[in-house]
Amino acid sequence: MHYPVLGAEVMEYLAVRPDGIYLDATAGLGGHAGAIARRLTTGWVIANDRDAESLEFARANTAELADRIRFHYGKFSELETAVWAQGVAKVNGLIADLGVSRYQLTESHRGFSILTDGPLDMRMDQSQRLTAGELVNSAAEKAIADWIYQLGEERRARKIARAIVRARPIRSTLHLAGVVERAVPRTGRLHPATRTFMALRMVVNEEQAELDRLLDLAPGLVAAGGRVVIISFMSLEDRKVKEKFRSLGREGRAAVLTKHPVTPSEKEIHENPASRSAKLRAVEMK
Ligand SMILES: C[S@@+](CC[C@H](N)C(=O)[O-])C[C@H]1O[C@@H](n2cnc3c(N)ncnc32)[C@H](O)[C@@H]1O
């Protein structure tokens with residue numbers, strides 16, 4: 001059984017109408033898409049993801065709701081196509097649950113995990129060319145340090161970048177995790193390579209640019225009265241969402257529904273520790 005992050009809160013803020021059309025921009029394993037579909041009668045949900053493997057899992061996990069879900073393979077920058085391909089101009093609500101899915105994180109062959117050995121891949125979309133391996137083995141030390149500092153929000157970025165360049169060629173996820181761990185000792189609860197992995201993942205998948213594109217496109221894709229709900233896991237991303245939603249509010253294009261971000265309950269964090277940094281924000285389009 002797969003419990004999506006902030007599942008009840010997503011449903012509350014999306015305020016699903018049984019006859020509505022919804023867009024789940026990040027279908028993942030189908031958790032949120034399935035929960036939306038369960039509330040629909042004549043409506044349907046477009047379940048989008050740029051990871052073809054995840055879409056197959058989402059399809060299998062929501063098989064009993066198949067008549068209410070339409071799958072679309074694409075990235076945020078192609079979301080207009082996801083909607084228009086269904087013969088509609090706008091949807092009645094959009095959810096995006098950013099980052100990587102539990103499937104992507106735990107499947108060692110995808111190369112996202114610090115804990116199991118796998119290729120340095122980290123591509124959400126496996127048809128893309130650039131992999132994490134190319135970045136760690138060919139990028140300039142300064143570029144690597146900047147990514148780790150800015151995207152990973154890791155203060156010891158320079159030391160880590162130097163160690164990476166010295167250890168080249170780096171062959172696998174555990175090899176990289178070990179190089180980082182030897183360069184910077186563990187200080188807190190996090191594995192010392194966590195932020196480095198996160199930064200590389202963000203570069204490989206152009207996550208900043210994709211989020212910008214999502215924030216540009218979403219308001220135009222959701223009909224008046226419909227909601228845009230976004231869950232982010234990093235302060236960098238939450239800041240972008242907060243600023244975009246505020247400016248939509250100031251321009252009179254939307255009403256901000258979450259003055260402060262909505263976060264998981266103690267119970268949810270206990271049951272699913274990966275949810276602990278989740279922040280949900282929502283607007284209603286005018
Ligand atoms: C946290 S998971 C979503 C989990 C999902 N809400 C569920 O309940 O199963 C994020 C998903 O978004 C996808 N994703 C991330 N960035 C994307 C982008 N720019 N375009 C399309 N999909 C993206 C990832 O491939 C991943 O499957």
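This is a predicted model: local features need pLDDT of at least 70, side-chain atom pairs count only at pLDDT 80 or more; totals for chains, interfaces and linings use all residues.

A: Contact here means that heavy atoms lie within 4.5 Å of each other. By that criterion, and leaving aside residues up to four places away in sequence, Ser-54 touches Gly-28, Ser-101, Tyr-103 and Gln-104. Ser-54 itself belongs to helix H3, residues 52-61, and because its relative accessibility is 1%, Ser-54 counts as buried.

Seven strands make up an open sheet with mixed pairing, and their order is E3-E2-E1-E4-E5-E7-E6. Strand E3 (69-73) and strand E6 (254-256) stand at the edges with a single partner strand each, so one side of each has no neighbour in the sheet. On average, and ignoring direction, neighbouring strands are turned by 20 degrees against each other. Within this sheet, strand E4 (residues 91-97) pairs with strand E5 (residues 222-232) in the parallel sense over six bridges, and the bridge partner of Ile-95 in E5 is Val-229.

Helix H11, residues 207-221, lies across E4, E5 and strand E7 (279-285), and runs at about 150 degrees to E5. Helix H12, residues 235-250, also packs on the sheet, where it touches E5, E6 and E7, and its direction makes about 20 degrees with that of E7.

The axes of helix H7 (residues 141-150) and H8 come within 8 Å and cross at roughly 140 degrees, an angle that makes H7 oblique to H8; the crossing is right-handed. On the H7 side the contact involves Glu-141, Ile-144, Ala-145, Ile-148 and Tyr-149, which meet Ala-157, Arg-158, Ile-160, Ala-161, Arg-162, Ile-164 and Val-165 of H8. Sorted by class, the residues of this contact comprise nine nonpolar and three charged, with no polar ones.

H8 then packs against H9 at an angle of about 130 degrees, with the axes 9 Å apart, and H8 is therefore oblique to H9. Here too the crossing is right-handed. Lys-159, Ile-160, Ala-163 and Ile-164 of H8 meet Leu-176, Val-179, Val-180 and Ala-183 of H9, and these residues divide into seven nonpolar, one charged and no polar.

The peptide bond leading from Arg-168 into Pro-169 is cis, with omega near 0 degrees.

The next pair is H9 with H10. The axes of helix H9 (residues 173-183) and helix H10 (residues 194-204) come within 9 Å and cross at roughly 130 degrees, and that angle makes H9 oblique to H10. H9 passes H10 in a right-handed crossing. Thr-173, Leu-176, Ala-177 and Val-180 of H9 make the contact together with Thr-196, Phe-197 and Leu-200 of H10; by class, five of these residues are nonpolar, two are polar and none is charged.

Beyond H10, Glu-206 sits in the loop between H10 and H11. Glu-206 has a positive phi of about 45 degrees although it is not a glycine, and it counts as partly exposed because its relative accessibility is 48%. Another non-glycine residue with a positive phi is Leu-6, at about 50 degrees, which lies in the segment before helix H1 (7-14). Leu-6 has 0% relative accessibility and therefore counts as buried, the cut-off for burial being under 20%.

Technical notes: Residues are numbered from 1 along each chain as its sequence is written. Side-chain values use heavy atoms; hydrogens and water are left out. Two strands pair if DSSP finds at least two bridges between them. Helices (H or I, at least four residues) and strands (E, at least two) are DSSP runs, numbered from the N terminus. Axes are lines fitted to C-alpha atoms, for helices over the stretch in contact, and angles run from 0 to 180 degrees between N-to-C directions. Buried means under 20% relative accessible area, exposed over 50%, partly exposed in between (1.4 Å probe, protein chains only). Angles under 35 degrees count as roughly parallel, over 145 as roughly antiparallel, 65 to 115 as roughly perpendicular and the rest as oblique. A crossing is left-handed if the near helix is turned anticlockwise from the far one by less than a right angle, and right-handed if clockwise. Ala, Val, Leu, Ile, Met, Phe, Trp, Tyr, Cys and Pro count as nonpolar, Asp, Glu, Lys and Arg as charged, and the others, Gly among them, as polar.
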